[in-house]
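Please walk with me through this protein, one region at a time. Have the sequence and the model open as you read.

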Amino acid sequence: MAALSSPLLRSLHRHLPIRFSPLRCPTAASPRGFASLQSFSSSCRPRHTAVRSSSTAPTSAAPEATEEAAQTDDDEEEARVVLPTNESSERLLRIRHTCAHVMAMAVQKLFPNSKVTIGPWIDNGFYYDFDMEPLTDKDLKKIKKEMDRIIRRDLPLVREEVSREEAQKRIEELNEPYKLEILERIKEEPITIYHIGEEWWDLCAGPHVDSTGQIVRKAVELESVAGAYWRGDENNQMLQRIYGTAWETEDQLKAYIHFKEEAKRRDHRRLGQDLDLFSIQEDAGGGLVFWHPKGAIIRHILEDFWKQIHLQCGYDLLYTPHVAKADLWKISGHIDFYKENMYNQMDVEDELYQLRPMNCPYHILVYKRKMHSYRDFPIRLAELGTVYRYELSGALHGLFRVRGFTQDDAHIFCLEDQIKDEIRGVLDLTEQILGQFGFRYYEVNLSTRPEKSVGSDDIWEKATIALKDALNDKGWKYTVDEGGGAFYGPKIDIKIEDALGRKWQCSTVQVDFNLPERFDITYVDSNTEKKRPIMIHRAVLGSLERFFGVLIEHYAGDFPLWLAPTQARILPVTNNELQYCNEVASELKLRGIRAEVCHGERLPKLIRNAETQKVPLMAVVGPKEVESKTLAVRSRHSGEIGNMPVDDFISRIESAVFKKSSL
């Protein structure tokens, strides 16, 4: 048997952090907003260029591939392969779905005692969960060979409709307990079954290819094995999950493999260690981030930039406590609805206190400190607030999934007729901030009222229309997720696209009708009557930790000059030039430039070390430079720039930092 892998089961893999789409060079200039695909340098992509097509991308008129591959030494273009998505190619989706069935059939042929559970298609392939003994890489090779045999046999896939009773009878005959549980959850009738030849079948809603021979064997690969709890519940049986990838052609698979290699090269966990940016100290506990000096200076720059731009946009900055009385979280509803993500309460002088999982109640208390008039609105409160949320150790993942992190949180209190303008202001601010880091491509989703919600029909309609109008005024294309909003209000979610075309959820804007009611916040209107203000939650970066991880992978650790922890490294040819080098470094530091002197090795080794550490600028100093009071400047990106006086070097760095460009 195989899995019940209908489209409904796609929700099971939403924990996956990435979606693949066109590679982009993070330093390439592009217009603001949703631009078309631009050309990117060969240094930013693997040898087989993987260009992902997508029918759901919000960009306007994004051509399938406008970039030309860089020429090789013999003037031939690199191979360019368009990688389809499940959304853009139904054939690919059918192939992946069938591969999940073929793999399950192969596993049960090789391991007759294995029990099957579920196995949906996912963004880049498929997976399947089995109740069986742990698998090894050697086992994966055996399974792949058996899959190849099944594919070569060109077995037909046949759909059959049966009654619930007949389906139950067949499942019991096969002794498949997980399938019985799945059958109980299927409400529709008749029950559909898909057969592979006359040898194997499964509960399944489809779709599939017509026969296994329509799968290209060399376009399929089994990737890894991982543990997964049945139904995602740690109290249930631990299963063996086999991940596979499948494509329409062998060339697509090769491009995808090169794409994965590039993603591995950019892995923020490895780069964080190689560049000495951060660590997770197990002696302190999992999921708790230690920012090392180089990572901390980048965070300092991020925070300063964030604060400056928020002050310019009319926000007031807050600092609030990390703990509060448990009663506060009862009023907010977090203890009722979010308790599993909160840490245990602590007893302080016979009162219960709670580490904060969110910042919202604190900002409401600041609002409530005094009575407000309608003339005071909008009120914009912003904070880089550290929160603590419980995560299972198995779910922790570098900077992307941690237990303590700092949100770039803000809450706007406004009147009903101000919602649209405030949302538009948030969208403008989001574009302005993300654009500074080279993010120009987004996916935007508008989520509307769910079945269970708080608030009147009138205010939901007004808020939803305001969000739509703000997006339309902005000129951004978006997808509507009907019924996907939070119970307390509609929301806009923005995913940024990095240099590899992966999408990351960072920015969100949410209207809240719930907390103002729970905390009974009011203002006095023009008729001196008390009214309830509208509350808007918003974040641009999401969390500093996660955003830093995205930046590391986006830049491959090669931070732009304005963000680089060390902007310039001064390299003496011999120790005779060391005093002058130290004087230059001191002058650079006085002008706010992050500079250091490295010596004690031969010059070629010093240069290699600077390249390895991805330092943007090197200034080599020999006897001639000391005599003429100059520097021989070398750029990591532009190569040799030439000799120049120290003041010119400083001026050029200051100009590049101001423009957020390279030198």
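Where is Pro 207 found? Pro 207 is in the loop between strand S8 (200-203) and strand S9 (220-229). Helices (H or I, at least four residues) and strands (E, at least two) are DSSP runs, numbered from the N terminus. The peptide bond that leads from Gly 206 into Pro 207 is cis, with omega near 0 degrees. Pro 190 has its place in the loop between helix H4 (177-185) and strand S7 (191-196). As background, most residues other than glycine have a negative phi, and most peptide bonds are trans.

Before going further, a word on the source. This is a predicted model, in which local features need pLDDT of at least 70 and side-chain atom pairs count only at pLDDT 80 or more, while totals for chains, interfaces and linings use all residues. Residues are numbered from 1 along each chain as its sequence is written, and side-chain values use heavy atoms, with hydrogens and water left out.

Now for the overall picture. The protein has 18 helices and 30 strands. Of its 663 residues, 54% are buried; here buried means under 20% relative accessible area, exposed over 50%, and partly exposed in between (1.4 Å probe, protein chains only). Contact means heavy atoms within 4.5 Å. Among contacts between residues at least 6 apart in sequence, 73% join residues at least 24 apart.

Thr 528 has phi near 60 degrees, a positive value in a residue other than glycine. Thr 528 sits in the loop between strand S23 (523-524) and strand S24 (530-531), and counts as exposed because its relative accessibility is 65%. Ala 556 is not a glycine either, yet its phi is positive, at about 55 degrees. The loop that holds Ala 556 runs between helix H14 (544-555) and strand S26 (568-572). Is Ala 556 buried or exposed? With a relative accessible area of 7%, Ala 556 is buried.

Next, please find Asn 86, in the loop between strand S2 (80-83) and helix H1 (90-110). Its relative accessible area is 9%, so Asn 86 is buried. Asn 86 and Gly 125 are 39 residues apart in sequence, with 9.1 Å between their C-alpha atoms.

From there, follow H1 to its helix neighbour. Two packed helices are described by the angle between their axes and the distance between the axes. Axes are lines fitted to C-alpha atoms, for helices over the stretch in contact, and angles run from 0 to 180 degrees between N-to-C directions. The axes of H1 and helix H2 (residues 137-152) come within 9 Å and cross at roughly 115 degrees. On the H1 side, the contact residues include Cys 99, Val 102 and Met 103, and those of H2 include Lys 142, Ile 143 and Glu 146. The contact of H1 with H2 divides into 11 nonpolar, no polar and three charged residues. Ala, Val, Leu, Ile, Met, Phe, Trp, Tyr, Cys and Pro count as nonpolar, Asp, Glu, Lys and Arg as charged, and the others, Gly among them, as polar.

Another helix pair is H7 (residues 293-312) and H11 (residues 419-435), which pack at an angle of about 150 degrees with their axes 12 Å apart. Phe 305, Ile 309 and His 310 of H7 make the contact with Leu 429, Gln 432 and Ile 433 of H11. These residues divide into four nonpolar, two polar and no charged.

Finally, Gln 579 is found in helix H15 (residues 578-590). Gln 579 counts as exposed, at 58% relative accessibility.
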